[in-house]
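Good morning. Please have the sequence and the model open, and I will go through a few places in turn.

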Amino acid sequence: MLGMGSALDTLCGQAFGAGQVNMLGIYMQRSWVILNTTGLLLSFLYIFAEPLLKLIGQTPEISKTAGMLSIWMIPQLLAYAMNIPITKFLQAQSKIMVMAAAAAMALVLHTFFSWLLILKLGWGLAGAAVVLNSSWWFIVVAQLVYIFSGNCGRAWSGFSWKAFQNLWGFVKLSVASAVMLCLQTWYFMATILFTSYLKNAQVSLDALSICMNILGWTIMVSFGINAAISVRVSNELGAAHSRTAKFSLVVAVITSFLIAAFLSLILIFTSNDYPSLFSKDEDVKNLVKQLTPMLATFIIINDVQPVLSGVAVGAGWQSFVGYVNVACFYLFGIPFGLLMGYKLDMGVKGIWFGMMSGTALQICVLFWMIYRTNWNKEASKAEERIKKWGGHLDSKGNDVEK
């Protein structure tokens, strides 16, 4: 669902850059229609989670508990469907502090009510579901109050039937965005899956989980830069500032690389000490230490990759990048990792090295795409995209004759 919502990074950003601010509200409403429909369809997986889990071999106890929790979490799924378009709508206007304030208030309330319902009152999973659902809907409502109160100017002019126009074109871009993001996420999850079949899998999984957690923490920085660069590139292309879009890309890549290099050096210099923060098992700590050079390298690679993906989203290249991900990740990275891990008996190091090679190949392809890009042409495409999916509007957002 997050992937489908990222289509708004392209459309809202380019519309805002072109001065067609009224389109932002229409785009957000279209995305609400698409994502809520998707959420309702996905809710059937939540409703029938228990029999599906039993079908794939889970124990009856786990299936029953997970199935019950899944049903309770349906309100959160629908909150995502509302919140993701709101987030993209506000990001395109650089209204970041509004989202930060709503999230901060939600965090305080979430922490208190988690303690109250789960620990103090002993509601257990039911309490966790209530708190999670309430926290996400609090964020949604708080942001909607801000938008409906007139704080976004012409970006929100009320509900419009135009939200239902040209939905198919919007769906195609949303699906392409979802495919691009899902292929990347599933690729990293596959690393853990394949590691679970190794000899001495417990130690390998423990060590890999530690590395993946560290990788997840460090990549949050590049995810922030990813959001920033996708908005900046789309804004500049929408405004026909092709040189500024290219310059923004260079700055973002260099910034992300330097931050990643700094974090990697910290890990290398503390490789004898930091594994003890996560485990007392000597075998696990030794394996984490052995994996640290690869982890440091992967942090650098993986912190540059989201920035390039952000550029792709900002420029509207989601469909093509989806094909690139299939080729680099699934036709090269996974087979190479399995060959290294199992056939050459390199274990978790081989699996991780092979899959890291797939990511490195994807980065090389994206760099090549960006190097060959005619940014003036991309600015023209942005103008055409605005006319196609936003209707023909003047600078004030009023309809004009075709």
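Leucine 109 sits in helix α7, where helices are DSSP runs of H or I with at least four residues, strands are runs of E with at least two, and the numbering starts from the N terminus. With a relative accessible area of 37%, leucine 109 is partly exposed. On that scale buried means under 20% relative accessible area, exposed means over 50%, and partly exposed is in between, using a 1.4 Å probe and protein chains only. Leucine 109 and serine 134 are 25 residues apart along the chain, and their C-alpha atoms are separated by 9.4 Å.

Before I go on: this is a predicted model, in which local features need pLDDT of at least 70 and side-chain atom pairs count only at pLDDT 80 or more, while totals for chains, interfaces and linings use all residues. Residues are numbered from 1 along each chain as its sequence is written, and side-chain values use heavy atoms, with hydrogens and water left out.

Next, valine 130, in helix α8, residues 125-151. Valine 130 is partly exposed, at 35% relative accessibility. Between the C-alpha atoms of valine 130 and serine 114 there are 9.0 Å, and along the chain the two are 16 residues apart. Apart from neighbours within four places in sequence, valine 130 is in contact with Leu117 and Trp123, contact meaning heavy atoms within 4.5 Å.

Now back to α7 and its partner. At what angle do helix α6 and helix α7 pack? Helix α6, residues 74-92, and helix α7, residues 96-120, pack at about 140°, and their axes are 8 Å apart. The axes are lines fitted to C-alpha atoms, for helices over the stretch in contact, and the angles run from 0 to 180 degrees between N-to-C directions. The two helices α6 and α7 are therefore oblique to each other. For that word, under 35 degrees counts as roughly parallel, over 145 as roughly antiparallel, 65 to 115 as roughly perpendicular, and the rest as oblique.

On the α6 side the residues are Thr87, Leu90 and Gln91, and they meet Ile96, Val98 and Met99 in α7. By class, this contact of α6 with α7 has four nonpolar, two polar and no charged residues. Here Ala, Val, Leu, Ile, Met, Phe, Trp, Tyr, Cys and Pro count as nonpolar, Asp, Glu, Lys and Arg as charged, and the others, Gly among them, as polar.

Serine 94 is in the loop between α6 and α7. Its phi is near 60°, a positive value in a residue other than glycine. Most residues other than glycine have a negative phi. Serine 94 is exposed, at a relative accessible area of 53%.

A second case is aspartate 345, in the loop between α13 and α14. Aspartate 345 is not a glycine, yet has a positive phi of about 55°. Aspartate 345 is exposed, with a relative accessible area of 62%.

How many residues does the largest nonpolar core have? The largest nonpolar core has 55, and those with the most contacts inside it are Leu291, Leu295, Leu308, Val311, Trp317, Trp352 and Trp375. Such a core is a set of buried Ala, Val, Leu, Ile, Met, Phe, Trp, Tyr and Cys residues joined through side-chain atoms within 4.5 Å. Among the elements that give two or more residues to this core are α9 (167-195), α10 (201-238) and α12 (282-315). The largest share, 14 residues, comes from α12.

Take valine 311 as an example. Leaving aside neighbours within four places in sequence, valine 311 is in contact with Ile229, Val233, Leu249, Trp317, Ile370 and Trp375. Apart from this core lies another, of 29 residues, among them Leu24, Ala81, Phe89 and Cys152.

Leucine 208 lies in helix α10 and counts as buried, at 0% relative accessibility.

Lysine 285 lies in helix α12. Is lysine 285 buried or exposed? Lysine 285 is buried, with a relative accessible area of 16%. Not counting residues up to four places away in sequence, lysine 285 touches Pro275, Ser276, Ser279 and Lys280.

The last stop is lysine 343, in helix α13. Lysine 343 counts as exposed, at 67% relative accessibility.
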